[in-house]
Amino acid sequence: MVFYTSLDGLDPLFFESRLHLLPEEKQKWVEKTGNERAKRETTLAWLLLRYALKMGSSDSFLPLTFSERGKPCFEGGDVFFNLSHSGSMVCAAVSGKYETGVDVQKKSIFSERVKRRVFCESEIERGERENDSDSYFTRLWAIKESYLKQTGVGIAFELKTLDYSAECMENYFEKDDLCYSVRQSGNYFFCVCTPEKGEQEFRNIPAVSII
């Protein structure tokens with residue numbers, strides 16, 4: 001399941017009054033960083049994850065650790081999660097069964113150089129035929145990022161070796177033993193990648209209700 005919410009309209013007190021609800025490691029990171037936007041994004045993303053966990057079977061965060069590839073995870077391996085943010089949007093994906101990767105991307109304009117670095121020829125060719133190529137490539141970027149985050153292969157992986165040209169406009173598809181659910185909300189595109197079969201649910205949660 002994927003939960004998402006927006007930073008828009010939230011005042012500094014919202015974040016300051018809820019910082020203590022984050023895992024201790026994340027509280028320390030937020031307090032140390034000098035990037036105010038990163039503070040807000042991180043705080044809201046972890047608050048959203050806490051909300052998602054409460055909707056399931058956990059009332060609080062479990063101790064944090066890292067996978068062999070450096071991905072944050074909970075000790076015990078009974079709950080899998082992934083976080084993402086772009087623009088003013090943050091999202092959290094949670095699963096009680098499988099490793100999960102989620103990504104959100106705000107609609108962007110892609111230069112030819114970036115297209116050639118990230119997308120394969122068939123994806124670029126299809127994008128040139130789309131009426132809204134910016135939306136197409138943003139959607140495709142979210143799909144590829146969700147794959148990277150689910151598998152943990154890292155940013156060094158050659159994204160253009162992946163070809164989603166045949167499936168990328170579908171809201172749900174299966175490819176190479178992984179399942180993808182894609183959604184659009186305004187100028188934002190979401191994708192969650194997981195081995196779990198079946199279309200994933202997306203919930204828009206008002207930030208003020210996250211406690």
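Helix H2 (24-32), H3, strand E2 (64-66) and E4 each contribute at least two residues to the lining of the largest pocket. Helices (H or I, at least four residues) and strands (E, at least two) are DSSP runs, numbered from the N terminus. The model is predicted: local features need pLDDT of at least 70, side-chain atom pairs count only at pLDDT 80 or more, and totals for chains, interfaces and linings use all residues. Residues are numbered from 1 along each chain as its sequence is written, and side-chain values use heavy atoms, with hydrogens and water left out.

**The largest pocket**

The volume of the largest pocket is about 550 Å³. Of the 20 residues that line it, Lys26, Pro72, Asn82, Leu83 and Lys149 are the closest to its centre. E4 gives the largest share of the lining, five residues. Sorted by class, the lining has seven nonpolar, seven polar and six charged residues. Here Ala, Val, Leu, Ile, Met, Phe, Trp, Tyr, Cys and Pro count as nonpolar, Asp, Glu, Lys and Arg as charged, and the others, Gly among them, as polar. On a 1 Å grid over the protein atoms alone, a pocket is an open set of points where a 1.4 Å probe fits, with protein on both sides within 12 Å along at least five of seven lines; lining residues have an atom within 4 Å of a point. Grid points are joined across faces, edges and corners, and the volume is the space filled by probe spheres set on the points.

**Strand pairing**

Two strands pair if DSSP finds at least two bridges between them.

| Strands | Bridges | Residues opposite each other |
| E8 and E9 (residues 188-194) | seven | Val182 and Cys191 |
| E6 and E9 | six | Val104 and Phe190 |

Strand E6 (residues 101-106) is mostly covered, with five of its six residues buried. Buried means under 20% relative accessible area, exposed over 50%, and partly exposed in between (1.4 Å probe, protein chains only).

**Turns**

E8 and E9 form a hairpin with two residues between them, and Gly186 in this turn has a positive phi of about 65°. The hairpin of E7 and E8 also has two residues between its strands. Most residues other than glycine have a negative phi. In the loop between E7 and E8, Asp176 has a positive phi near 50°. Asp177, in that loop, has a positive phi near 70°. Asp176 is exposed, at 66% relative accessible area, and Asp177 is exposed at 75%.

**Aromatic rings**

Rings of Phe, Tyr and Trp (its six-membered ring) pair if their centres lie within 6.5 Å; planes under 30 degrees apart count as stacked, over 60 as edge-to-face and the rest as tilted. The whole structure has 14 aromatic pairs. In one of them, Trp46 and Phe81 have ring centres 5.6 Å apart and planes at 70°, so the pair is edge-to-face. This pair links distant parts of the chain, with Trp46 in helix H3 (residues 36-55) and Phe81 in strand E4 (residues 80-86), 35 residues apart. Trp46 is buried at 4% relative accessible area, and Phe81 is buried at 4%.

Phe110 and Phe119 are both buried. Ring pairs join Phe110, Phe119, Tyr136, Phe137 and Trp141 into a cluster.
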